Amino acid sequence: VPHFEKMMYDNAQLVELYSDAYAATQDPAYKRVVDETLAFVKREMTSPDGAFYSALDADSNHKEGEFYVWTADEIAKVLG
């Protein structure tokens with residue numbers, strides 16, 4: 001199972017990349033990615049006192065990536 005830890009530096013690099021892409025193209029999809037990524041960082045990777053967490057561990061219920069991996073049945077249910 002891949003390790004699904006969310007790293008602050010990855011999110012920061014994605015925001016920089018998509019910001020540059022939006023500045024160059026004005027494609028609203030790029031702006032949406034920036035907005036959603038920053039909202040995620042604020043919601044999930046920022047402490048109540050305003051400090052940033054360096055990572056968000058992927059272990060859930062003592063299982064690696066439980067909330068990031070879909071079973072075949074879950075995929076079929078969503079896709080129909």
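Reader: How many aromatic pairs does the structure hold?

Author: In this predicted model, the structure holds one aromatic pair. The ring centres of Tyr18 and Tyr30 are 5.8 Å apart and the ring planes meet at 55°, so the pair is tilted. The cut-off matters here, because only planes over 60 degrees apart count as edge-to-face.

Reader: Which parts does this pair tie together?

Author: Tyr18 belongs to helix α1 and Tyr30 to helix α2, so the pair links parts that are 12 residues apart in sequence. Tyr18 is partly exposed, its relative accessible area being 26%. Tyr30 is partly exposed as well, with a value of 28%.

Reader: How does one read which side of a helix is buried?

Author: An α-helix has 3.6 residues a turn, so residues three or four places apart point the same way. In α1, the buried residues are Met8, Asn11 and Val15. They cover an arc of only 60° around the axis, which puts them on the same side of α1. Gln13, Glu16, Leu17 and Ala24, on the other side of α1, are exposed.

Reader: What covers the buried residues of α1?

Author: The cover includes β1 (6-7) and α2 (28-44).

Reader: What span should α1 have, and what is the distance between its end C-alpha atoms?

Author: Helix α1 comprises 18 residues, 8-25, and at 1.5 Å a residue should span 26 Å; its end C-alpha atoms lie 26 Å apart, which agrees. Just after α1, Gln26 takes a positive phi of about 60°.

Reader: Which residues of α2 are buried?

Author: Val34, Thr37, Phe40 and Val41 are the buried residues of α2. Seen down the helix axis, these residues fall within an arc of 130°, so they line one face of α2. On the other side of α2, Pro28, Lys42 and Arg43 are exposed. Among the elements that cover the buried residues of α2 are β1, α1 and β2 (55-56).

Reader: What does the same span calculation give for α2?

Author: The 17 residues of α2, at 1.5 Å a residue, should span 24 Å, and the end C-alpha atoms are 24 Å apart, which agrees.

Reader: Which residue caps the N-terminal end of α2?

Author: Asp27 caps that end. A side-chain oxygen of Asp27 lies 2.8 Å from the backbone nitrogen of Ala29.

Definitions and conventions. Residues are numbered from 1 along each chain as its sequence is written. This is a predicted model: local features need pLDDT of at least 70, side-chain atom pairs count only at pLDDT 80 or more; totals for chains, interfaces and linings use all residues. Side-chain values use heavy atoms; hydrogens and water are left out. Helices (H or I, at least four residues) and strands (E, at least two) are DSSP runs, numbered from the N terminus. The expected span of a helix is 1.5 Å times one less than its number of residues. Buried means under 20% relative accessible area, exposed over 50%, partly exposed in between (1.4 Å probe, protein chains only). The arc is that of the directions from the helix axis to the C-beta atoms. Contact means heavy atoms within 4.5 Å. Rings of Phe, Tyr and Trp (its six-membered ring) pair if their centres lie within 6.5 Å; planes under 30 degrees apart count as stacked, over 60 as edge-to-face and the rest as tilted. A polar contact is a pair of N or O atoms within 3.5 Å; within protein, one must be able to donate a hydrogen and the other to accept it, and residues adjacent in sequence count only if both atoms are side-chain atoms.
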